[in-house]
Structure formats: C-alpha cells, structure tokens
Amino acid sequence: MRSKIVISSLFFTLLTTVCAALAESDLQIEEIVVTAQKREQSIQDVPVSVTAISADTIDSLGLQTTSDIARLSSSLTVIESNNKTNSALSIRGIGTNLFGIGIEQGVAVVVDDVAKVQQGQGLANMVDVERIEVLRGPQSTLFGKASSAGVINITTKGPTDEFEGSIEVTATEENYHKVLASVSGPIGDSAGYRLTAHTSELDGWVETLAAGAEDFNSEESQGFSAKLYWQINEDVDVLLKAYTVDEESQCCARVLGGFAPGAALFGAIPQSVFAAGVTADSENTTVRYDTLPNSDNDSQGISARITADIGDFQLVSITAYDEWDYTNSEDVDLSELDVLGIFTGGAVSGNFYSDSVRELEFFSQELRLLSPTYDNYDYLLGFYYSDSDVDRSFFRILPVAPANFVANAGNENYAFFGQFNWRPSEQTTVSLGLRYASEEISTEVTDFAVATPTAIIADDDDDAITGKISVQRFLANDAMVFASYTRGHKAQAYDITAGFTQFNADNPIKEETADAFEIGIKSTLWNQRMQLNVTAFHTTYDDFQVQTAITTGPTIVFRKANVGELETRGIELESMTLLSERFSLMFNAAYIDAVVNEYEGAQCYRDQTEAQGCFAGFQTVNGGELPNSPEWKYTVALQFEQGLSSLPFDLYANVLYVWQDEIQFGLTQAPATREDSYGIANLRLGLIDKNDRWEVTAFVNNVFDESYRSELIDFGVLFGNTEALVHITPRNAERYAGLTAKLSF
C-alpha cells in the first residue's frame, strides 16, 4: 500500500508539471560521455547497453558504496553476505556467488582502467568519483576475462587546471560519521595534482544480547589517494595515481530468521537456551552470540597512465600494481554457549569459529593503440598482461564442516584484442571485435585436516577467443538502432576450498562461455529534453560456475561445479526527462527471466520429496530461478530545483524509489529461501549556495522502514537437520535520517 502511495504521488507531480513544461523549449539534456568502447563517445552513439551515472547524480542521490549503484541500474543486483568475499554483484541475473581464491568475478569492477581481481575487492566506499558506467552483458572482448556478465567501470576525479578544494561531513542518527576532503590544482604550466582523504565510522545495527558484547556490524574506514598529472611535451602526458584504504569492521552478522518446530542447536540444545530473548523471524536484527564477525580490509596500489600522440594515432599505456589483504573471522555456532566445553566434557573451552586470511599481489600492463577517425573507419588494437598471486589460510572448528588448510593460487594472463569500426554510410556502422587470451593457472594446497598433510601442486593452461559484432543505424530525429552478438568467456579455475584433493587438482572447474544477442534503440526526443533507451537481450551460458553444498551424513562440504546451461532474457528501459526548468524525472526498469536448465546433480532442498524431483539426495533443476534475480525491478527518481532570487541560496529536493520483485536465494529452489518483493524510498532536501561555496542536505533513507534481507540460507545442518533459517539484514533495511554539509573553496 505504501508503495502505491509513493508511485501515485510521483505521477501526480508529473502530470501537474507537464503543462508548464510544454511551454519551455530551451531545455536540453547534457551530453553524457562514456568509455564503453575504450574511446570517449556519447552514450547515445554507443551500441552497448550501458547505464551512466555522473558525479552530480552520485551527490544529489547520496550514493555511498558500489552496492548503491544497484539503485539506479535496474539490471544490477547485489548479494551482501557475511563478508566481502562471499558477497557478489550480478547483472541480468548472472554473477559469481562462489567463495575461493581461484575464482574470478563474473561482473568485473574496473577503477581508473585497473581491474579488481578478487570477489569482494569491488565492494567498497565510493570516494571522489567522476563517473560510473554499468555495461550490461558479456564484455570479454575489450575488458577481459573477468567480465562474462558485465562491467562496472568507475572513473575517479582527476587534477584540475585551477585550484579548488572541498570538505564534506555526513552524520546520521544511527551514529554514522564521515569526513571527505579533497584539494586539487595546477603545478606550474604543465602539471597538476589531486589529493583526497576520507574517514568514516559506523556503529553496529545488529543488537547482541550476550553479556558484555558490542552490537555487530560496526565499521571504521580511512583512505587516501593522490593523483599527479604531468604534460611532458605536446605529445606525451602522464597521470600517476597512488591510494591506500584501511577498513576494520564487524560485518556482517548472520541472524536467526526462523525455525521449524523442534529445531535444536546440534539437535540437542533448545532455542530457549541458545537463543534466549531472540525473536527468530524475517525482521530479526538481534543475536545472542559473543564473538564479533571481525573483518580487516587493507588495500593499496599505484598506477601510471601514459598517453602519447604518434602522428594522428594515440598510444595509451596503463601500468598498475595492487595489494589486497583481507582477514575475517566469525562465530559459526550462532550462540554464546561454551560449545567446545559441551562437546569435550569441559576439557576445552570456547566456541566454534572460523578464521581466514587472504593476501593478494596483482600486476597488470595494458597497451592500446587508437587510430584517428577516418571518413569511413577507425580501429583499436590492444595488448594486456596480468599476473596475480593469492595466498590464503583458513581454519574452522565445526563438527559438520571442519577445515584447516593453506593455499596459493596463481594466474598469469596474456591477451591481444582489437576492434574495427566500418562506416559504409554516414548512418551505418559495423563493428567487429576480437580477443585472444592465453592463461596459466597454478595452485598449491596443503590440507592439515587429513591424517598426513601433503602439499598438492597443480597447474594448467587455457586459450580462448572471444568476440563481438554489432551493427548500428542512425535514424532521423536523433535515434539509433543497434543489434549485436557477443561471445563471452570466464576461465577455468581450481576449486580451492576445504577438502582439496588430487582429484580437484586434476579436474579444474571448466571454463564458462556465453552467447549474447541484443537489439536496442537509443533515442533523444522532445527537442532533446528526453532520452529513452530500450534494449532486448537473450544470453545463454554453458558450464556456468556455481557453488554447491554437499551433505553426507552429519558433514557438509562446499564444492564448485558447472551448471549445464543458463538462460537470461528480457528487456531494459532507461529514460531521463526534463519536465520543466524545475523538475526532471528518471525512470529505469528491467524485466529479466533468468533460469537454470540442465543442472544435474544439484543437492535437494530440505524435505524435498521424490514427487518433487529428489532422488537419493540429488535433483535435476530445469527452469529454476537464478539466485537474487528479480523478474521485475524499476527505479523512479524525481528531482526538483528551485532558484530563490531573494536569498543567497537555491533549493533542491528529490525522491528515489526502487522496487523489486520477489527472489530466490538458492539454486536448489527451496521454498523457504524466497524473499518477498519490496520497495525502498529515499528522500533528500538541500540548500546550495548560488556561488557553489557550500551545500547542506538533509536526508531520510528507507522512509517507510521497509525491512528486507540480502541473504537467506537454511542452516539446518547445525540444528539436527531441521529447517533453521539465517539471514543478513543490510544497513539500508532500516530507516535512518542524516545531514551532509559541504564547504568548497
């Protein structure tokens, strides 16, 4: 009901402003420039399904993290799990919801032309961002192996020609504080700099009833970045970047979400003991365990972008080195009991827990040669090399899933790529792109949980050719239609988790391939006051890489596998309309039908019968839903701006409403792991100085206090094999208000 009220109000406002808007003919939508094809182009001229988000939009709508991008891109969803490495981004229902150091992402996150290698690296605070591009569908040709589902391409702000600076402070009623400061300017006539620093602190929002324990899900973060630009001569310039980020958090606590009658911890300890005072339902944000889910996230890196004009050609070199250290630990028995004492008769005290440490080193080198734009053709040639090395140690005390191993995963990748654009006429462009990639993977794993720990060493290689062909036709009245076919690829990988054996070493998870078809139209209407883009797509994935949980008696083992075939198809709409000088309206929507076909050997869900397709503990999933993929999702953003001639400031306000359909959280299609549809409304009201010297914004997120879950799992293996649900409640699942003040100089 509240959702209907919000939508009705939005469209009532729309109808009351249209008449006034028709009389104004001097309004035009500003051109949006993207680099989806490794060149700067207008978004309306690119035959790619892409959402572009500007710095002004990021600020006006209050986007804080990469997870917030999903508010504006209707095809993008985010699984926020108990830690970063178990969280995932998905586009059109496709992502990588697997944990393991040998697995690359399906949705690549690229920051300033440098890819983030491990899943979880891209889930971070957004600081000093200039532009975000969400490229939907496989992008393997130009962006490489870790983009079989799409790319989130983030560009941060660079040095400026004139001195400028700003300080921004945000505070909320839930005791969140953030300070962001930046300064930028020239150094002589041929150089410039930009320095940015931020710090933030958030109190926990999951209450613990355990004596002496702090509330969970708190976070502290500090970071610094520096950019230096130097124009060496008329033909060569260099942009250097260095950054460091340090995050400490107690995120994210899994909480009890519901029990079947008679459920007991380890089949013996009743709820009244291990969960006293906890109301285990879908809106629960209370726990009774005493060990914080600690996470430390440290990253730093340097990069150099060199641009050289060679005659009419341009050569771009991007060299980067990154380090990422991520440690996390958690209480896995979900109680404050001395469970070790219970199991050992008092010989040992403590709880069941897990500890994980990851250390990543990554080097990459990319070269791109861009031809001039000739009358009827242009082209791009490129070379890419990367070398990553990841070490991990993992230890878990838990009778149903013990683990104790150390591992290393290496990945060395070479690739040659290019794209040729031919214009047989002024209205038509045919583009052909190809990429050849050669990859070597290696691993060394020692499992200390077996009687005789022995290092298992393996290596393998893989070659792949991906490509894309597209045809676009520019029509009269500022419209362009396009059609494309794309071949996507995600490389093979080792299943580096507990219980790694020689069989796993000899049989890596097979490569994943995608065949994607798109047709679309991009149009500028109403005297350039409206942009309306529509894309229809159909993509088939073969040997899709998934996470499985195999239960044998009282023990559960997590393994990776390949699904026979996945299909995702649907239609996407994105629009921006300048209704009047005061009002603008964004409306984005997506219908996505993402299904699993031919998934043989899937684990049965709890209490699944033979009549429901379960035989000897396994099932074949045909036509099942992909996890975290709503069939319908849409975004409505209404912006209002009002000049106040008698005052030294102007007024603006906006409402952002995001609604998504119900979803399934598990590939097994368990009825218990479904989440209902929900809608979230955010409101912002701001005052901005006419000279852009200061700005103050008040906001309320999740106005109607709509609760939802970002993860839902059946943990029944811990509760006597009786249904027991646990979930993650994200920060934005509760209403909170705050204030942001920004001073510019």
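Predicted model: local features only at pLDDT ≥ 70, side-chain atom pairs only at ≥ 80, totals over all residues.
Trainee: Where is D215 placed, and is it buried or partly exposed?

Mentor: D215 sits in the loop that runs between β14 (207–208) and β15 (219–231), and with a relative accessible area of 36% D215 is partly exposed.

Trainee: OK, and which residues form the nonpolar patch on the surface?

Mentor: That patch consists of F163, I167, V169, V179, L743 and F745, and together they have about 530 Å² of accessible area. One of them, L743, belongs to strand β42, and its relative accessible area of 48% makes L743 partly exposed.

Trainee: What does β42 pair with, then?

Mentor: Strand β42, which covers residues 736–744, pairs with strand β11 (residues 164–172) in the antiparallel sense over seven bridges, and β42 also pairs with strand β39 (residues 694–701), again in the antiparallel sense, over eight bridges.

Trainee: Which residue in β42 is the bridge partner of E168?

Mentor: The bridge partner of E168 is K742 in β42, and K742 is also the residue that E695 stands opposite.

Trainee: What holds paired strands together in general?

Mentor: Strands of a sheet pair through backbone hydrogen bonds, and the pairing can be either parallel or antiparallel.

Trainee: New topic: how many salt bridges does a search of the whole structure find?

Mentor: The search finds 31 salt bridges. One of them joins the side chains of R194 and D128, with 2.7 Å from N to O. R194 lies in strand β13 (residues 191–202) and D128 in the loop between β8 and β9 (129–136), so this pair ties together parts that are 66 residues apart in sequence.

Trainee: Are those two buried or exposed?

Mentor: R194 is buried, with a relative accessible area of 6%, and D128 is buried as well, at 13%.

Trainee: What about E574, which residue does it form a salt bridge with?

Mentor: E574 forms a salt bridge with R136, and the closest N and O atoms are 3.3 Å apart. Since E574 lies in strand β29 (residues 555–578) and R136 in strand β9, the pair ties together parts that are 438 residues apart in sequence. Both E574 and R136 are buried.

Trainee: And where are D650 and K690, the pair that links distant parts of the chain?

Mentor: The side chains of D650 and K690 meet in a salt bridge of 2.5 Å, N to O. D650 is in strand β35 (residues 649–660), while K690 is in the loop between β38 (678–689) and β39, and the two are 40 residues apart. Here D650 is partly exposed, at 22% relative accessible area, and K690 also counts as partly exposed, at 37% relative accessibility.

Conventions:
Residues numbered from 1 in each chain as written. Heavy atoms only, no water. Helix = DSSP H or I, 4+ residues; strand = E, 2+ residues; numbered from the N terminus. Buried < 20%, exposed > 50% of the residue type's maximum accessible area, 1.4 Å probe, protein only. Pairing = 2+ DSSP bridges. Patch = residues over 30% accessible without salt bridge, like charges linked within 9 Å, V, L, I, M, F, W, Y side chains within 5 Å. Areas by Shrake-Rupley, 256 points an atom, 1.4 Å probe, with all protein chains shown as cover. Salt bridge = Lys/Arg side-chain N within 4 Å of Asp/Glu carboxyl O.
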